[in-house]
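Hello,

Here is the structure I promised to pass on. Please open it first, then read my notes below.

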Amino acid sequence: MLPQDRIQELTSQLNYYNDQYYQHSQSVIDDFTFDKLLAELQSLEQQYPELTLPDSPTLRVGGTISKEFHTVYHRFPMLSLGNTYSEADLTEFDARVRKGLNGEAFEYICEQKFDGVALSMTYENGVLVQGATRGDGVRGDDITNNIRTIRSVPLRINAGQLPALFEVRGEGFLPLAEFERINKEREDIGEPLLANPRNAASGTFKQQDSGAVAKRRLDCYLYSFLSEESVFDTHEESLLQLADWGFNVSPTWEKCADIEAVMSYIAQWETKRFTLPLNTDGIVIKVNRYDQQRELGYTAKSPRWAIAYKYKTVAATTTLNSVSYQVGRTGAVTPVAHLTPVLLAGTVVKRASLHNANEIARLGIMLGDTVFVEKGGEIIPKVTGVDLSKRSEAVLPIEYPTHCPACGTELVRREKEAHFYCTNEKHCPPQRQARFEHFIQRRAMNIESLGEGKIELLIDRGLVETPADLYELTSEKLLGLQKTYPAAPGPASPVLHEDGSEEPGKTRTVKFGQKTVDNILSAIDRSKSQSFANVLFALGIRYVGNTTADRLVDYFGSIGALMAAPLETLAGVPDVGPRIAESVYLWFQDDENRRYIERLRAAGLTFVSERKEVAQESESLAGKTFLYTGTFANFSREALEERIAANGGRLLSGVSKKLNYLIVGENAGPSKVQKAQQLNVTQLTEDEFMAMLGSE
Ligand SMILES: NC(=O)c1ccc[n+]([C@@H]2O[C@H](COP(=O)([O-])OP(=O)(O)OC[C@H]3O[C@@H](n4cnc5c(N)ncnc54)[C@H](O)[C@@H]3O)[C@@H](O)[C@H]2O)c1
Ligand SMILES: [Zn+2]
């Protein structure tokens, strides 16, 4: 292939990956391959500078700005970092720095390379006035409202000596625990899982509704301070001061006297990084003194005084011995790979995720194959490929089951879904058990004293078949029940030592003594006063999470109204689209479900909403109707709704002739505003609304 053709090909390929990565929060290929292709392009361009294309990804920072947010210009450009996967390159970097500084003494600061999204925050007189994404490095998206939802980002700094105007930068990220929590919740209600924490964080920061952003508890580690005034002499001083001002600075950084110290920092963190609360993908090495940073300067794309060392993904090879299939709460069947135990990043791996049937086909993997397993930040490692050079004659195809491994029902695959499903929702044993677990969770009926195997035992003994049966349990039925189980897979399962010896797994005994029984029965009794929204969530209707349950309850107020609602009405409820509407509608059409509701109702569960009692503040909005759109500086959605009610106003669910006022916030929905204009509805800014309240 001619160099110009290859350059052309690489340029358009890499631009496509950049677009997917930064605009759509998706990784089409892995970072290592991306970086290799970029390095190839770079070296071709160095050989043939005249062939460099004007839109080459080597010339610019990867992201762009989007149309959905206001554009802001960065006071100081937000650059990328040169990166390498080799120690030899680091030695070269060190030599370049040495040369650039003419033999002057210098130090490095080593930091983790956090794998999230670069954020910039501007403070004026100690108050956070703007938050932005990196964008194309020159201009970014104004996501101030979204950044305000990060609890560890101070909205105001109370310190004596502050520069009047300064900027801090850091990495916004979704902590691993939060990522797992969200995915568990999504799995529970049948939503597709988020692919990885970085892309999830990036997607979240781009959402328009900052209320939804706040629900995902994002965090941010700060690593840079910028100001026109010279405030600090070194990067080290700035990190210490930032932490002192209350910013979240990861305590993982270290000052290194020379490149050898840098190398040992790198070695030390190679496996230790897996203990951090977020994913990292390498180390950032920065020259400590600011005057030396200025002396070294910048290329078009990155500083010359810093470099990123990236770890190669931690992978191991082992044999795929068998595949088992797990059935989740919503009936989704997930294949699990069983492997010859292998040591990976300090832990023994015996099982790995295979995701779904598509993934098995994509990998082209067979039983008996030698496979690659990789560990990301997620708890469960994944199988990422096959070593075909090691394939023997004896491999066997993986026969994906046609019937549920638990109950024998024929599996189905719904349109556009990656998983096969067992549709025997009510009687398939793992689905039934998961249905109970969903029902008793804290955010549903809060009967968690029934957790940890107790439900399993009740089902085993035929004491309960559906959650409605819980309300017929008595002390006599429960007292004295007991069973010993082998420990579930997890930390307590058989331990394998590096010499190959194995410790047997622990067992656990579930026992119903008097105290346990009293606790359970009183929790069951108390659950009758859980709110209607909790009960609706507890029913376990596909796609109905807590938020959707709240919206439905707000709209319909009672189970009767909800059950009677036609499909179109359901689809018109705020935040409920056609997909959720259909799921809810069909659920209530089912006779068995209707009988289930009857039994729960008879047991005394709450099926009407008690509108939240709000203390009356004034009559200033009496007789007037309101609707709001967008986000507000002074109110969350809930707070705004409360203020309206507390001052005698009434909230409507859509723009109609009955509407008096539309309160328009930032990033308002254009369709509501347009409709309000057509119907001559008065529009209010947040300030005007506050003036009406008399609370200005
Ligand atoms: N897989 C894909 O399809 C794909 C596509 C595009 C980019 N990428 C990946 O993204 C990388 C390029 O991204 P980039 O241009 O954002 O550069 P980069 O991520 O390599 O380096 C710059 C960024 O590092 C981050 N960072 C984390 N910790 C830091 C610290 N302690 N100090 C300073 N900065 C820190 C900042 O967000 C900064 O913007 C590529 O090397 C590639 O691995 C992957
Ligand atoms: Zn089944």
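This is a predicted model. Start with ligand 1. Domain 1 (3-51) and domain 2 (71-310) both contribute residues to the shell around ligand 1, so the ligand lies between them. The shell has 24 residues, of which Y21, D31, S80, L81 and A118 come nearest. By type, 12 are nonpolar, five polar and seven charged. Elements that supply at least two shell residues each include α1 (3-23), α2 (31-47) and β3 (108-114).

Next, the cysteines. An unreviewed UniProt entry lists C404, C407, C422 and C428 under "binding site". These four span 25 residues in sequence, yet no two of their C-alpha atoms are more than 8.6 Å apart, so they gather at one spot.

Two of them are worth a look. C422 sits in strand β18 (residues 420-422). C422 counts as buried because it has 26 C-beta neighbours inside 10 Å. Its contacts include C404, C407 and C428, along with V327 and G331. C428 is in the loop between β18 and α12 (429-440). C428 is buried too, with 21 other C-beta atoms within 10 Å. Among the residues C428 touches are C404, C407 and C422, plus A406 and T409.

Last, N593. This residue belongs to helix α21 (residues 591-602). With 17 C-beta neighbours inside 10 Å, N593 is partly exposed. Leaving aside residues up to four places away in sequence, N593 touches W587 and F588. M263 is 330 residues from N593 along the chain, and their C-alpha atoms are 62 Å apart.

Best wishes

Methods
Residues are numbered from 1 along each chain as its sequence is written. Chains are lettered from A and ligands numbered from 1 in the order in which they are written. This is a predicted model: local features need pLDDT of at least 70, side-chain atom pairs count only at pLDDT 80 or more; totals for chains, interfaces and linings use all residues. Helices (H or I, at least four residues) and strands (E, at least two) are DSSP runs, numbered from the N terminus. A residue is buried if 20 or more other C-beta atoms lie within 10 Å of its own, exposed if 12 or fewer, and partly exposed in between; C-beta atoms are placed from the backbone. Two residues are in contact if their C-beta atoms, placed from the backbone, lie within 7 Å. A residue is near a molecule or strand if its C-beta atom, placed from the backbone, lies within 6 Å of it. Ala, Val, Leu, Ile, Met, Phe, Trp, Tyr, Cys and Pro count as nonpolar, Asp, Glu, Lys and Arg as charged, and the others, Gly among them, as polar. Domain bounds come from an automatic or database domain assignment. UniProt positions are given in the numbering used here, feature names are shortened, and annotations may be inferred rather than shown by experiment.
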